[in-house]
Amino acid sequence: MKINDVSKEQTIIDKHLPEFAELCSFLRWYPDIFWDMHKPDKGMVLEFDDHQRVMMRVNARFQEGYSCCPRGISKTLCHVLMQYHTCVCYAGVTTSLTASTKESAVKIWKDKHEEILRFYPSFEKYIKKQSWGKDYGYVEFINGSAMDSLANAQTSKGLRRRRGGLEESALIDKETYDDAIAPIFNVSRTTVGGVIDPQELNGQIWRYSTSGRRL
């Protein structure tokens, strides 16, 4: 009886596999709608502004980009939302959030992590484990993806990740970026079948900075 139940379940999955594939492609292309689907029925609800939706959609569709924005438009929140979206939608991917120092990267990330779980409590079911320290953050997802924190410095040289986002990007000099940071993200994600998808944004780097002001 148990064998027949498993066979029936597999048949249902096979029957709807094209629909599942289409849904996955759709959510990869529309990260803001991915998060809309995780809104709670009651309690605090996060409503995206148009510029936030545009920022996340652009981030999901291009290999590299740079966002220089004033304070208060939630660019860091959108950054972490995008990193988590990537980790859920691409099994086994590794990403990093970097900042001027490891301590700064963890401080920025952990604050937004807690905010995301307040706005989207159901999202916690995707997280397998998490670890936070003064200079280190790590979140592992149930599909094998993982995100950690790094410094925009020579201390990160030699590490390898699939994608990443740089906070406080304006503070890093070109020599350090070219020598230590950019090479971190030059390894492509390999699927379970051992295939590298040529249409996937492997090596994606997105940079974020806060615009200054003139007195």
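F123 is buried, because its relative accessibility is 0%; buried means under 20% relative accessible area, exposed over 50%, and partly exposed in between (1.4 Å probe, protein chains only). The place of F123 is the loop between α6 and β3. Helices (H or I, at least four residues) and strands (E, at least two) are DSSP runs, numbered from the N terminus. The model is predicted: local features need pLDDT of at least 70, side-chain atom pairs count only at pLDDT 80 or more, and totals for chains, interfaces and linings use all residues. Residues are numbered from 1 along each chain as its sequence is written, and side-chain values use heavy atoms, with hydrogens and water left out.

Leaving aside neighbours within four places in sequence, F123 is in contact (heavy atoms within 4.5 Å) with F34, W35, Y84, V88, L117 and F141. F123 and H38 are separated by 85 residues in sequence, yet their C-alpha atoms are 6.9 Å apart in space.

**The nonpolar cores**

A nonpolar core is a set of buried Ala, Val, Leu, Ile, Met, Phe, Trp, Tyr and Cys residues joined through side-chain atoms within 4.5 Å. The largest such core has 35 residues, of which W35, L81, Y84, I116, Y120, F123 and F141 touch the most other members. At least two residues of this core come from each of α3 (31–36), α4 (50–61), α5 (75–89), β2 (94–99), α6 (102–119) and β4. Helix α5 gives the largest share, 9 residues. Apart from this core lies another, of 9 residues, among them L166, I172, I181 and I205.

Y84 touches W35, W109, H113, I116, F123, V139, F141 and M147, not counting residues up to four places away in sequence. Q83 lies in helix α5 and is buried, with a relative accessible area of 6%. Beyond four places in sequence, the contacts of Q83 are T95, S96, L97, M147, G164 and G165.

**The hairpin of β3 and β4**

Strands β3 (residues 127–132) and β4 (residues 137–141) run antiparallel and are joined by 5 bridges; two strands pair if DSSP finds at least two bridges between them. The two strands form a hairpin with 4 residues between them. Within this pairing, S131 has Y138 of β4 as its bridge partner.

**Salt bridges**

Side chains of opposite charge can pair when their charged atoms come close. A salt bridge is a side-chain nitrogen of Lys or Arg within 4 Å of a carboxyl oxygen of Asp or Glu, and by this rule the count comes to 15. The table gives some of them.

| Salt bridge | N to O distance |
|---|---|
| R57 and D32 | 2.9 Å |
| K39 and D36 | 3.8 Å |
| D179 and K157 | 3.1 Å |

D179 is partly exposed, with a relative accessible area of 33%, and K157 is partly exposed at 47% relative accessibility.

R57 and D32 meet in a salt bridge that also links distant parts of the chain, with R57 in helix α4 and D32 in helix α3, 25 residues apart. D32 counts as buried because its relative accessibility is 0%, whereas R57 is partly exposed at 26% relative accessibility. In the K39 and D36 pair, K39 counts as partly exposed at 24% relative accessibility, and D36 is partly exposed with a relative accessible area of 22%. A network of salt bridges links D32, D36, K39, E47, R53 and R57.

**Positive phi values**

Most residues other than glycine have a negative phi, and most peptide bonds are trans. S74, found in the loop between β1 (64–69) and α5, has a positive phi near 65°. S74 is partly exposed at 31% relative accessibility. E168, in the loop between β6 and α7, has a positive phi near 55°. The relative accessible area of E168 is 25%, so E168 is partly exposed.

**A nonpolar surface patch**

I13, L17 and F20 make a nonpolar surface patch of about 280 Å². Patches are made of residues with over 30% relative accessible area and no salt bridge, with like charges joined within 9 Å and nonpolar side chains (Val, Leu, Ile, Met, Phe, Trp, Tyr) within 5 Å. Accessible areas come from the Shrake-Rupley method with a 1.4 Å probe, and for residues only the protein chains shown count as cover. I13 lies in helix α1 (residues 2–15) and is partly exposed, with a relative accessible area of 39%.
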